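Dear colleague,

Please look at it first and then compare it with what follows.

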2 protein chains.
Amino acid sequence: MSEKYIYSYHEGDGKNKHLLGGKGANLCEMTQIGINVPPGFVITTATCLTYLDTPNRTLPDGLMDDVKQEMQGVEKGTGKLFGDPNNPLLVSVRSGSAMSMPGMMDTILNLGLNAETLPGVIKQTGDERFAYDSYRRFIQLFGKVALGVADEHFDKQFETVKQRVGAQVDVDLSAENLKEISDLFLLVVKEQTGRPFPEKVYEQLEIAIKAVFNSWGGKRAVDYRREFKITPDMANGTAVNVVAMVFGNMGNDSATGVGFTRNPGTGENEMYGEYLVNAQGEDVVAGTRTPKPVQELEKEMPDLYKQLVDLRNKLENHYHEVQDYEYTIEKGQLFCLQTRNGKMNAVGMVRSSVEMMNEGLINKNQALLRVNPEQLEQLLHPRLDPEHKAEALAQGLPASPGAASGKCIFDADRAELIGRSGEKVILVREETKPEDIHGFFASQGILTSRGGKTSHAAVVARGMGKACVAGAEGIKVDTRARQATIGDQVLHEGDVITIDGSSGNVYIGEIPTLPPTFSKELKTLLSWADEVAQLKVMANADTPDAAEKAIEYGAMGIGLCRTERMFNDVDRLPIVVEMILSDTKEARQTALNKLLPIQRGDFKAVFKTMSPFPVTVRLLDPPLHEFLPSEMQLTDELENLRQLRGTIQGVANVLNTLRVSQANPNDLPTPLPAPFDEMGEERINEIINKKEQMLRKVRELYEVNPMLGHRGVRLGITYPEIYAMQIRAILEASAECVKEGIDIHPEIMVPQVTTAQELKHVKKIVETTQAEVEAAYGLKLKFEFGTMIEVVRACMRASHLAEIAEFFSFGTNDLSQATFSFSREDAENKFLPLYNETGILHDNPFEVLDVKGVGQLMSMTVEWGRKSRAGLKVGICGEQGGHPDSIRFCHHIDLDYVSCSAPRVPIARLAAAQAKLLEDKYTV
Amino acid sequence: MSEKYIYSYHEGDGKNKHLLGGKGANLCEMTQIGINVPPGFVITTATCLTYLDTPNRTLPDGLMDDVKQEMQGVEKGTGKLFGDPNNPLLVSVRSGSAMSMPGMMDTILNLGLNAETLPGVIKQTGDERFAYDSYRRFIQLFGKVALGVADEHFDKQFETVKQRVGAQVDVDLSAENLKEISDLFLLVVKEQTGRPFPEKVYEQLEIAIKAVFNSWGGKRAVDYRREFKITPDMANGTAVNVVAMVFGNMGNDSATGVGFTRNPGTGENEMYGEYLVNAQGEDVVAGTRTPKPVQELEKEMPDLYKQLVDLRNKLENHYHEVQDYEYTIEKGQLFCLQTRNGKMNAVGMVRSSVEMMNEGLINKNQALLRVNPEQLEQLLHPRLDPEHKAEALAQGLPASPGAASGKCIFDADRAELIGRSGEKVILVREETKPEDIHGFFASQGILTSRGGKTSHAAVVARGMGKACVAGAEGIKVDTRARQATIGDQVLHEGDVITIDGSSGNVYIGEIPTLPPTFSKELKTLLSWADEVAQLKVMANADTPDAAEKAIEYGAMGIGLCRTERMFNDVDRLPIVVEMILSDTKEARQTALNKLLPIQRGDFKAVFKTMSPFPVTVRLLDPPLHEFLPSEMQLTDELENLRQLRGTIQGVANVLNTLRVSQANPNDLPTPLPAPFDEMGEERINEIINKKEQMLRKVRELYEVNPMLGHRGVRLGITYPEIYAMQIRAILEASAECVKEGIDIHPEIMVPQVTTAQELKHVKKIVETTQAEVEAAYGLKLKFEFGTMIEVVRACMRASHLAEIAEFFSFGTNDLSQATFSFSREDAENKFLPLYNETGILHDNPFEVLDVKGVGQLMSMTVEWGRKSRAGLKVGICGEQGGHPDSIRFCHHIDLDYVSCSAPRVPIARLAAAQAKLLEDKYTV
C-alpha cells in the first residue's frame, strides 16, 4: 500500500487530529502559520494501528526508510546531523493522540545521544556537566520506556554514587560523577536486558517509535481510556512526533516557559505564565527553582518578551480559543514547542467567552458552545477553596451542591435555637422528616446518614439551595447521646464540621470556602443563551422565597410548585397532622379549612413574584404518612414518656410520704430536669395519648412500597376534600391577583395519573370550584389544567390523557423508577454503584435521563399526546431536567420546557442553547 | 316514517333478538317451527327507544292502530274477542330485551279483565273464584306497574278483609271475599290516582305498553344494566310481547310446568322438570303446592307427556342448545309459553356439551364455546355446599380457591403437630413467611389478616392448590394469646372454622363441602380444546409434587418454576439463612455448596416428571430479606428471650441463696415451664446472639420499596455465586437426565431484567458452567436461555434483549405494578376497591390484564422482540395468564403460551381454544 506514514510539520493538515494526534496537528498548524517550531515530523495514528495489528508487532515496510528521509529535513532545518560526532542532532520522540491523555503515554528526550555524539554535545553547549546529565537521563528513560528496565535498578546505582561522593542533592553531582553514573547505567541496561545499550541512533529511534506505539495498547492507557470513556471514534491510535531538541539551558540568553493566552483563573485578557532563565522544561515542572511571572521577562529580555506577545496573539487569532503553550528560548531564539486549548475554571471560561465574542474573535454561538454547562455549578454555590487540602472524614452522596461549615447539631429544635442565635450550624440527622423543616432554615447545611439523593433532606435542601450530604453511611448518629461516631472518631454536638454537597465529602473543622460569583459576564452569556434556546427553562420552586430565587437565576416560570412543601412549615405541619389524624370527613374538613387561607396566601405571593411567567402548581403528591413521624421514633418517644411518667409518679409518692412525715424540706429530692419539672401527670398523659393516636395512624397508613402506594391523585380521589381545598386556594389566589391587575398564568397539575378517568374526576372538582370562585369574585379566571406523566401507564394512554390535559409534565424521577423497577433509595445504596462500575449501566438514571428506555417512552408519549391535541405543551420537571445531556434529549424530542431546581437554572439555560446549536449532531 | 313497529309471531325473525328481544324472538321462532304457542305479537325495541326519546313520552303515531290490527289476528287465533262480555280474550303484556334481565322489568297478566268481561271469564272457566282472584290480582298489578300505586295500599285492604272473615291463608278466601276485595282495590286505585280504574280494554293495553317501555328507563333497570355491564350494543330498549292468556287451572285436564331439556345439575340427557295439575304458573313459583316431577305426567296424562317429549326434542333439535321452557296445558291442549337457553352448573354444561357433540347436535367448536371457562373452577376445588346457608363471620380476599374446614391454629409448628396427628387444621396468621411453610403442608387451608393476593400466603397456597383467604382485616390475630378476635367474637385455638377461598368468606364451624369433579367428560372437552387452541398452556409449578399436579391438570410444560420456593422447605431454609447471614463470599459459598445437591435433586425430579415437556426455571428472584423473619418478630422474640434470661438468672439466685441457707427443699420455687426448664443461661445466650445477628442483617437488608429493590438479576449480579450455584444445579440435573435417556427441555430464565448487559452477564456464567458440566459428564447439553419481561425498560429494550434471549416470558404481576405504579398489596388495601366502585378502573389489573396499558406495552414488546429474532418464543407467566379475557388478549398478540397455577390450567386450556375460535371477533 502506498499509504503515507509520515507528515513533516510543513505538510501535515493541522485540522486532522485524528490522523496526526492533537500535538502533531498543532505543531503542523503552527509551523504552517509561521510560528517558530523546532523542525520535526509526525508518524500517523494509522501507522500505529497498522503496527499494533501485525502479529509480531513489526513496523510497516518502508516506514524506517521514510523516517530517514524525513530526518534529512530535520537535519537541514537545524543544521545538525543525527548521529554526527561533531554537531549532533538530538530529537525527542513523543506520543500524541487525538484526545489529550496526560501522562498516559511515553516520551523520550535527547534521543541520538551515545558515546560518539556526546563530545559533540559538549562542544555545542560548552557544558560537560549538562551533557552527561542529559546522557544519564536519556539512558534511564530509554531503558525504562523502550527496553523495560525498572527504575529501581538505575536508582540503586545513582544513590550509591551519590552517597559515596557525599552529595546531598542531584545538583551537587559533578560532571565526573554523572559520567560515572552514565557508565553504570549502561551496565544496568546490559545486565537487565542481556544486550548492550543500543548505540546506533537509528536503532534508538526505531526502538523508541515502537515503544510509543506500544504504549497505546499498554494497561495504563487502556485503563485511562475506559475511565474517561474515550472511544475509538474519539481517538484511535497514537501518533509519534519526532522533533529536534532545543535547549533552554544554554546560558542566560536561554530560557523555558509556559503560558496561557488569557488568565485561566479570571479569564482576563492579559499575558499569563511563568519562565525560568537557563533552564529546561523539567525544571519548571520539578519545582526545584521558582519560576518568574512572564511580566518580568519584559525587563529581562524585552525583545523576546515582544516576540512572546506576538506568539500569544498569533495563537489566539489563529485558534480563536484560549491557548496553553510551551516555549523555549535557545540562545536568544524563541521556539514554540507545543500549544493546546487551555483548560480554565468556570470564571475564566465565562469571562473569556464573553470578551472574545466582544473582541470579535468568536461569535455568540461559539461563545455559548465553549462553556461546559456543568462547570457553571462552580459559580453558583460556595465551594471549598481548592488550595486548602484536607482529608475527608466520611463520604456520602453529593445531594445538594455547595460547601458549608458549622457546629454539628443533632436535632432540629436545637439547630433552630443555636442557628437563630447567630451561630453557624450543620444539622446532622439519621434522616430528616417534614417536622425538621425549621432546623433546615436555621442551618448552613444538612448531613444525613441515611437516604439517597431524593430523600427528604436532599430534595428540601436543593429546593432551598443549601448544601446537603445525604446517606453518609459511615456516620452513626446517636441523637440521644448527642454525638455521632465515624469509625473510632466521636463527633460531639457543637464540634465544627464542613460538608461539601458537590462531592459528598465531610470534614472535621472549618475549611475555607470561595463565595459564588454570578458575574455580569455570566449574565451576558446566559442572555445570549436565552436568545438561541428553543426550550424554555423553568424552576422547581415551592414557596414565595424560592420563587424569588428562581427569578434571580433567570427562570422563565415555575414548572413545578409542590404544594406539600408549603405544608411543611412549622406553623402548618400541626394542621396537616390534625387533618391526617381525623377519622371523619368533617374533622378533616375542619383542618382543611384552616389550611385554605394559608395556601391561598402562599399561592398569591408566588403568582405575584413570578408575574407574568406561568406557575404550575402540583396538587398534593406524597403519601400522608410522610407528614407523620416514623413508627420507630414514636415508639421510642412513647417509651421515654412512659418512663418519665413513672418517675414523676415516684417523685410524687416520695414527696407525699415526706410531707406526711413532716420531714425537713431540705431532704426533699431535687426536682426533675427542665422542662419536665413543671410537667404534671395530666399533661404527660395528654401527650402520651396524642402520640399513641399518631402511632395508630402511622401503622394504619403503613405501606409495603410507598413509592407505588396511596399517593398523588389516588389521595385526591379517596379524599376529594383535600384536592378541593387546594384547587380552591389556587383559584382564589388567582382571583385576588386578577383583581389587583396582576398578569398571572396559573396552571393546575395532577400527579401520579394512570388513567384518563382520574383526570376527569379532578377536572370536575376544578370546574365546580371555578364556577363558585368566579361567581364570588365576579370575574373570569384563565388557567390551564394538566397532568404529570410519571406513571408508565400514563405514557401508554397519552392520547387519551391529552383529550383532557392541556399540558404534560414528565416527572422523570418517578417515571425512571417505574421504568427500571428501581427504587432510587434502594438502588443507590444497594446495587447501582456496582452497575455503574461494571458498565451494566453507564450513568445513574436518576441523574442522567435514560434515553434508551425512559426516553423511548417519553418520545412515544409526546407523539401520541400531540396526535390527539395538536401543539400540546410538554415539559419535564424531574431532576434530570437540569442535566445538560438530558436537556439535549428533551430538545431532540421537541419538548417545550425543562424545569429544574433554581440553582441549576443557569446550567439548564446554557445547555438548552447548546442543545439547539448542536441539534443536527444529536444521536440517541 | 313507514317503520314497522310490530311483528306477529308468524312473521318476526327469530334470530333478531336485538329488535324483538329474547323472549319475542323465541316466541316467533317457536311459532314458525310449528310449536304450539299462544297467539300474540311483539312490539319492537326500536319502538321503545323512539318512545323514550319523545319529549313527553308519547307513543309513535299509528302504533295503537297497528296494535288493534294485530289483536285481530290474536282474536282469530284464539276464537275469543278482546273486551267481549261473552267470550273475552285476556292477554299478558311482557317486556323482553335482547339480554335477559330477570325481575328487572314489568309484566302484566290477565289484561282485558273489567266489570264487563268478568262474567265472560266465569262462563269460560266455570270458576267464579278463579275469575275474581284473577281480577283482584290484575287490578293490583296494573295499579302498581302501570299506575304507580304502592302495594301497601292494596295489602292493607286485603288484610282487613282476610282478618274479618278469619282466613288463615289466601286460599281460605271465597269467591265472594275476592269479589269484595276486587271492588275495594278499584276504590284504592281511584283514591290514589284520582281517576277511576281504566275499564276500556284498549286503554288498559295502551297504558300497559307504555309502562313496559318506561320500565326500561327506570332506576332498577338502569342500575341492573350498570351492575352487569350491559351496554347498548348488547341490549338497547325493551320489546313488548302481547300474548293471549292460557290457563292451566281449568280443571284436571289442565296443568302448568317448567322443564329443562337436560338435567341442569348433571347434564344428563333426560326429561327434567316439574308440573302442577290444575294450576297457574305462579303456583309453581309460589311453592304453596309441591309440584311433581315431570316423569309422573307420563302416568297422569300419557298423551300429553308424549307431546311434551316431542316439544323437548323439537326445541333441542332446533336450538342446538339446552332449553329452559315453560308450558301450560289448557283443557288437554299443550302450549309452550317460553323458551330460553338453559342455565346449568359446570357439571351440567360440560357433560351436555360433550354428549350433544357426540349426538351430532353440535360440533366440537360449538361444544367448546358453550362452556364459560371460569365456570370450570367449580369442578376443580372443593366448594361450599350451596344448599347450606351460613352467615360469614368475616371477609378477606379470595386468594386461592376452594373451601376448607378445620381447627384454627395460630402458628406453623403447632399446625404441623396437630395436622400430622390427623386433625384438620386451618393455619391462621397475621401474615405468613417462608419459615411457616411446614404449617402449610399440614393444613387444609390458610387464613391471614394481612396481605393481598400476591402475599406469601396467597401465592404459596395457590401453588399447592390449597384454599386461602388473605387480608381478612376484620380479624385481629393475637398469636401469643392463641386467639383471634372479630369484633366482639373471640376465636380460640382449636375452634373449628371454614374458609372459602373462592369468595373470601370465613365462617364459624364446619360447613359441608362438595368435592371436586374432574370428570371424563371434562377430560374429553379439554382434549378437544387442545386440538383447537393455538396457545400452549403451561403451569407455574415449583416442586416435584407440583409438577405432578400440573401434569394431572393437563399442563404442556412448566412455564415458571420459581427456584426460591425450593428454598422454603423446612430442611433448606436454615441453609438459605446461613447463606444470607454470611459476611464473606467464602462463607456464602459454603452454604451454597450445601444447597447445590438439594436443588439439583429437585430439578432432576421436576424434569423427569415433566418429560418430554419444557420446564422453564427462573433463577432466584425475591429480595433476600424475604427469607428472614420480620424486624418486628425478631425484636419481639428478643424482648421475650431477654426477659426469660432475667427470670432464669433470678431463679438461679434464689436457688443459690436457699442452698446457702440450707432451707427445706420443698420451699424451692417451682421450675420454669417446659421446654425452658432445661435451658441454661449459656444456651439462651447462644440463641440471643443468633437472633441479634439476624436482626442486624434484617436491618441491613431493609428496603424502602422492596418491590423495586435488590432482587432478581440484581442479586445475581451482586452475588454471582448464587446464580452460579443455581445454574450448575440446573445443568447437572439436565446432564443426569440425559445420561438416563430422559427426553428433557430445560430453560433457564432470568428475572427482573432491565438491560441487555444484565443478560449478557448471566449468559457468561451459563456458558462457563455449561462447558464445565459438559466436560464432567462427557455429553452435550441442550437448553434455552431467556428472560422475564416484567420491567418496563425491558419492554423498551426488547429488540436488544432478543439478541441474547431465546425466549421472553411476561411477568405481568410485576409488570402491571410497574406500569400502574401501584403496589399490589397497598393498592388492594387502600384505593383499588374505590377505583373499581367508581368505575375509574373496571377491573383489578392484577387479576385481569390491563389490555390498554400493560397490553399495549406487551404488544410493542412482542413486535420489537420478533423483529430482532424471528419466531422468538413469547409467553406469559403472571397470574393473569390463567384469566380467560387475558388469554384472549395473549392469543390476539400472538403469544406462544400462557402459564398459570396448576388448578387454573383446565380453565386456560378451554379459554385458549375459545380465543382461537373467536379471534375474528376480538377487539381491544
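**A glutamine in chain A**

A:Gln599 is buried, because its relative accessible area is 1% and buried means under 20%, with exposed being over 50% and partly exposed in between (1.4 Å probe, protein chains only). This is a predicted model, in which local features need pLDDT of at least 70 and side-chain atom pairs count only at pLDDT 80 or more, while totals for chains, interfaces and linings use all residues. Residues are numbered from 1 along each chain as its sequence is written, chains are lettered from A and ligands numbered from 1 in the order in which they are written, and side-chain values use heavy atoms, with hydrogens and water left out.

A:Gln599 sits in helix 23 (residues 585-610) of chain A; helices (H or I, at least four residues) and strands (E, at least two) are DSSP runs, numbered from the N terminus. Not counting residues up to four places away in sequence, A:Gln599 touches A:Thr563, A:Met566, A:Phe567, A:Met725, A:Gln726 and A:Ala729, where contact means heavy atoms within 4.5 Å. A polar atom of the side chain of A:Gln599 lies 3.4 Å from the backbone oxygen of A:Thr563. From C-alpha to C-alpha, A:Gln599 and A:Glu732 are 10.0 Å apart in space, although 133 residues separate them in sequence.

**Chain A as a whole**

Chain A has 36 helices and 33 strands, and of its 924 residues 56% count as buried. Among the contacts in chain A with a separation of 6 or more, 69% come from residues 24 or more positions apart. The C-alpha trace of chain A spans about 110 × 85 × 55 Å along its principal axes.

**Two places in chain B**

B:Asn505 lies in strand 24 (residues 505-508) of chain B and counts as buried, at 16% relative accessibility. The side chains of B:Asn505 and B:Tyr507 are joined by a polar contact of 3.1 Å, that is, a pair of N or O atoms within 3.5 Å; within protein, one must be able to donate a hydrogen and the other to accept it, and residues adjacent in sequence count only if both atoms are side-chain atoms. Leaving aside neighbours within four places in sequence, the contacts of B:Asn505 include B:Ala392, B:Val469 and B:Asp500.
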